[in-house]
Amino acid sequence: MSIVAPSGLGYSRLAMSLALARKYRPKTFADVAVQSHVSNTLRGAIARGKIAHGYLLSGPRGVGKTTLARVLAMALNCENKRDDGEPCGACVSCQRIWSGSSSLDVVEIDAASNRGVDDARDLRERAMYAPSGDDRYKVYIVDEAHMLTREAWNALLKILEEPPPRVVFVFATTEPQKIAQSAAPVLSRLQRFDLKRIGLGDITRRLSSVLKSEGVQISEDALALIARAADGSMRDALSLADQVIAIGEGPVTAERVREALGLAPEDEFINVLDIIADHRAGDVFTAVNKLADAGIDFGVFLSGFADMLRAQLTVVLSDRADGVSAHALAALRERRDKFTAGDLLRMISAINELEPNFRKSGQQQLLVEMLLVRMALLDRTVALEDLLKGLGDTRSEAAEASAPVRQSPAPQPTTQRPRPATRPGYPPQLDAPNGPPAEPTKQSLPPVNENQLREMKRAMETTAQDSNRSRMTPEALKEERIGMLRQKDPALGAAIDELDLELLD
């Protein structure tokens with residue numbers, strides 16, 4: 001598209017080029033990178049006529065959610081659809097849907113700005129109208145679906161469960177958990193597909209193919225830098241490539257990418273690593289001031305430095321690192337003996353702890369300086385741990401040295417004093433529990449004559465008829481029995497007094 005200024009206004013002719021992310025948007029399921037588990041399922045459903053009435057596509061930004069929704073709409077309405085379910089990508093219908101132009105049968109809705117219940121009711125009423133042809137489908141693509149309110153989802157529940165014939169709803173979202181919280185019944189009415197983040201290798205290959213088609217020469221290091229900065233998003237990678245290309249002519253180098261994206265040079269990361277390895281905490285402030293003077297974003301610096309620490313950790317553990325240049329890999333291998341895996345893990349953990357509140361702080365440079373100073377003084381923390389360990393060993397050795405040598409007494413032969421089977425007048429139930437069983441005694445009780453029995457009976461009757469008698473309580477009875485036992489066996493009484501024992505029945 002060209003914009004020509006009216007003559008005499010002094011403006012030159014301006015040409016507006018199409019962004020790479022739009023120009024190279026996939027037109028078929030096979031062209032969608034990485035998401036084969038979704039594209040193969042959708043293509044097979046179209047080829048076999050097993051089309052669902054609702055789909056939910058979730059995943060990070062820039063991984064192909066809207067693209068897959070458009071390809072699905074193209075395949076459903078393609079004039080020259082292939083037998084395997086792929087759209088031709090060249091007919092009028094495919095071109096209009098692919099470019100996002102207005103179409104009678106494909107409607108794209110931004111839920112971020114159309115999120116209310118009135119918008120949902122309007123969508124429900126529009127879905128009642130039949131498609132423009134008997135062999136066509138009406139496809140409603142709702143982007144940022146997690147922005148819809150609970151009331152809007154409730155208004156769509158019925159039509160999502162029983163939609164009109166040849167009507168398909170496709171919802172795309174980056175936060176499916178919000179839909180589960182606000183409208184859980186919706187999930188059971190849709191087929192859900194989770195799209196994956198795109199790896200560095202796939203982004204690098206796609207960028208290389210696109211830039212080759214554009215006639216742009218780019219180095220491997222520059223491709224790796226753009227792929228890492230994209231953070232798993234193909235759309236972000238193509239947008240960053242557009243930004244790098246626009247900065248100047250000629251081959252794209254790593255220095256050009258850093259200049260365009262505001263990235264810190266790898267040599268700066270290596271310099272900071274040397275400061276930490278040599279424990280030169282005072283040089284941290286000079287290095288950070290240099291980054292500030294160069295206009296480096298400290299958030300971007302922390303992210304890049306974390307990647308460098310991760311690369312150093314992989315070099316320490318496996319002698320290899322992915323996603324860094326050959327120059328950086330050689331430098332990390334030279335410094336592998338200066339760091340231990342434990343130190344590198346502590347430093348990466350420190351960055352992760354700082355990152356959540358870093359963007360909100362008004363003193364980002366101070367936070368970076370304090371973080372790097374802590375890393376440079378990491379040897380003192382390790383030495384303190386060793387010191388505490390050494391103190392523990394010293395205390396244990398001193399305790400062993402100062403402890404008196406105790407000689408255990410010679411074992412005395414245990415001789416068990418024989419005890420009589422029964423004592424005179426000693427009840428058998430009070431015998432020692434571990435003692436030998438009592439032998440039956442041959443003594444017989446002394447004979448009691450009838451006169452004694454009559455005297456005892458008369459004494460009991462007299463006592464029973466006495467009105468001044470005191471009532472025998474359980475405590476008094478217990479004391480009386482104990483007294484009787486003390487009289488019969490003085491040794492038992494001494495044991496009761498000495499050990500403060502209590503006799504039971």
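Me: Tyr140, Trp153, Phe169 and Phe171 form one aromatic cluster. The model is predicted. What makes Tyr140 and Phe169 an aromatic pair?

Reply: Ring centres must lie within 6.5 Å. For Tyr140 and Phe169 the value is 5.6 Å centre to centre. They pair.

Me: Why is the pair of Tyr140 and Phe169 called stacked?

Reply: Planes under 30 degrees apart count as stacked. The planes of Tyr140 and Phe169 are 20 degrees apart, so the pair is stacked.

Me: Which parts of the chain does the pair link?

Reply: Distant ones. Tyr140 is in strand β5 (residues 138–143) and Phe169 in strand β6 (residues 167–173). The two are 29 residues apart.

Me: How do you know whether Tyr140 is buried or exposed?

Reply: Buried means under 20% relative accessible area. Tyr140 has 1% relative accessibility, so Tyr140 counts as buried. Phe169 is also at 1%, and therefore counts as buried.

Me: What makes Phe169 and Phe171 a stacked pair?

Reply: Two values settle that. The ring centres are 6.3 Å apart, within the 6.5 Å limit. The planes are at 10 degrees, under 30, so the pair is stacked. Both Phe169 and Phe171 are buried.

How values were computed:
Residues are numbered from 1 along each chain as its sequence is written. This is a predicted model: local features need pLDDT of at least 70, side-chain atom pairs count only at pLDDT 80 or more; totals for chains, interfaces and linings use all residues. Side-chain values use heavy atoms; hydrogens and water are left out. Rings of Phe, Tyr and Trp (its six-membered ring) pair if their centres lie within 6.5 Å; planes under 30 degrees apart count as stacked, over 60 as edge-to-face and the rest as tilted. Helices (H or I, at least four residues) and strands (E, at least two) are DSSP runs, numbered from the N terminus. Buried means under 20% relative accessible area, exposed over 50%, partly exposed in between (1.4 Å probe, protein chains only).
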